[in-house]
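Welcome! Open your viewer, and let's walk through this model together, one selection at a time.

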Amino acid sequence: MLADTLLKEGDYKSVRQVVERIFRIVPDNQILADLDKDNNIIYHTSRDIYNDVMNLGDGLCDAGLKDAHIAIVAQNSYRYVISDMTISSGVGVVIPIDKDAPVDLLTTLLDKSDADAVICNANCVKRVNDAKAGCERLKTLITIDRRMPDCLFYDDIVEKGRQLGDKGEFRNMTLDLDKPAKILFTSGTTGTNKGVLLTNRNLAANIMNCMDAIRAEKYNTSMSVLPMHHATEINTHVVVRIACGRLTYINDNMRNMMNNIRIFKPTIITIVPMIANAFIKNIWANAWKNGKAGKLAKGIKLSNFLRKFGIDKTHKMFAEVYAPFGGNLNMIVCGGSMLNPMVVRGLNDLGIRMENGYGITECGPLISINGDTLHEHLSVGKPCPGIEVKLKNIDEDGIGELCVRGECVAKGYYKDEKATRLAFDEDGFFNTGDSARIDADGKIFLMGRKKNTIVLQNGKNICPEEIENIIETNIDYATDIVVYQAEYEEEGLHEDLLCAGLYIEDEQKRQDHDAIIADIKAINSRMIDYKHIDFIELVNQEYEKTSTHKTKRSTLPKVCSSQGIRIF
């Protein structure tokens, strides 16, 4: 493997070492690619990455930003990757923030992270300036894509670094591996955002965990889809592929994903399960619309028969299905929530394998990955070789809180000693907050977020994610599904009910209450009594999500509405 060649000098010790090593060993390899304004693919080699990182680093130091906290508030781009890698390689501390964060949240995150400067798109400047008023330390704005008044410009900073050449401060510095390099904010799905502080050593350990756990073809290509402020995308996908010397295409915006995937023609994409669900639904919807569903079903049956004998003709047989995805897609890596087994099976039938990764921001983020979701979709695999795991407070079903220890694990939260103290046990294990069980082979099975656990009046615990997955598997017409507990009142009596919130896009199906009730009752009949859905809430739009499509559970209703449906 190419990765083995790049590791012949030993494991990577920092992101900076990744940049330096690929330049020395594979200088002419095409590593990153994006699109210009005319949708032409622009390729960037290892040499380009090295020169751009060194020049930007020297330019930032010359601009007085050495040891500064520098936020990035921008859409995905080649320059985003270069900025992230440069800042975390010795300039200071990089703080990736959602480019769509509203002003009040942006102010909070910039202030909480002590941001001195922000690298942003020109169309974000107004919001950043609005947020700047509430941030005492924030003085400098740098535009990444075009010149703006009262802002420094990325190109000018890079040019200054190029002029400094070998005299530049950045390229001559010695990196402290235990120095803070990145602050990543947790998603805030169940509470306030916390700033996870990662060192150079943490980031490098995560790279090695990924290289040890994720195996793929030598000459594959990938497309970066998810927002780069998210730990999974930048730390576990893009930088790791750079460390392997492999080509990654950069999708600038989620809205452009399907257009860009046709242009880039990748073999792998990394997405969240919601997008995978949409893929399979759209494939079959188009097949039915065009009168080809029967032909597709017969083709799958024949293809699966041939694959039993090691003959894989999926890409040839289903060329029409693959066309919207560029024609080469054969693997999807997912993370963020449980997989729907019907989606796993459906994509596999078409020749697209799914892998399910599990991670948490505080752990770098990767903890484990399951490469065989077809036969065991509920498992997230075994821990990466550099990680230890254990369960604590184990119940009678063998389920406990998953705890993690390893070099990739952050030392704590930025300027939050109390939260840091509560997050670790006496042996240095990080408490993930996820409920899980571990089987005899060491494979992890997630049961849901501890903070999301619903505690019933009889003391029984319910993981809403488990029931959501069951409903999703059995009710394919529901576009968005959320399980939660809410108070129900009838004739002066109050009781807490287990609710299923459903968003059904098809108006005709949404109005067919009898069919919906029958489907929920059928699901209830297959579950233990205390997990039965008691109330159905039909909503007019999808539930509020984070930028990585996780439901913001803190915004869910506490009281059942009068328009809902009581199940008896």
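A cavity here is a set of points, on a 1 Å grid over the protein atoms alone, where a 1.4 Å probe fits but cannot get out, and its lining residues have an atom within 4 Å of a point. The model is predicted, so to speak a computed one: local features need pLDDT of at least 70, side-chain atom pairs count only at pLDDT 80 or more, and totals for chains, interfaces and linings use all residues. Residues are numbered from 1 along each chain as its sequence is written, and side-chain values use heavy atoms, with hydrogens and water left out.

**First stop: the largest cavity.** Select Val15, Asp84, Met85, Ser88, Lys182, Leu203, Ile207, Asn235 and Val239, which line the largest cavity. Its volume, the space filled by probe spheres set on the points, is about 50 Å³. Now colour helices H4 (78-91), H8 (200-213) and H9 (231-243): each gives the lining at least two residues. Helices are DSSP runs (H or I, at least four residues), numbered from the N terminus. H4 supplies the largest share, three residues.

**Next stop: two packed helices.** Select H5 (residues 103-112) and H6 (residues 125-132), whose axes lie 8 Å apart at an angle of about 60°. Axes are lines fitted to C-alpha atoms over the stretch in contact, and angles run from 0 to 180 degrees between N-to-C directions. Which residues make the contact? Show Val103, Leu106, Thr107 and Leu110 of H5 with Arg127, Val128, Asp130 and Ala131 of H6; contact means heavy atoms within 4.5 Å.

Conventions
On a 1 Å grid over the protein atoms alone, a cavity is a set of points where a 1.4 Å probe fits but cannot get out, and a pocket is an open set with protein on both sides within 12 Å along at least five of seven lines; lining residues have an atom within 4 Å of a point.
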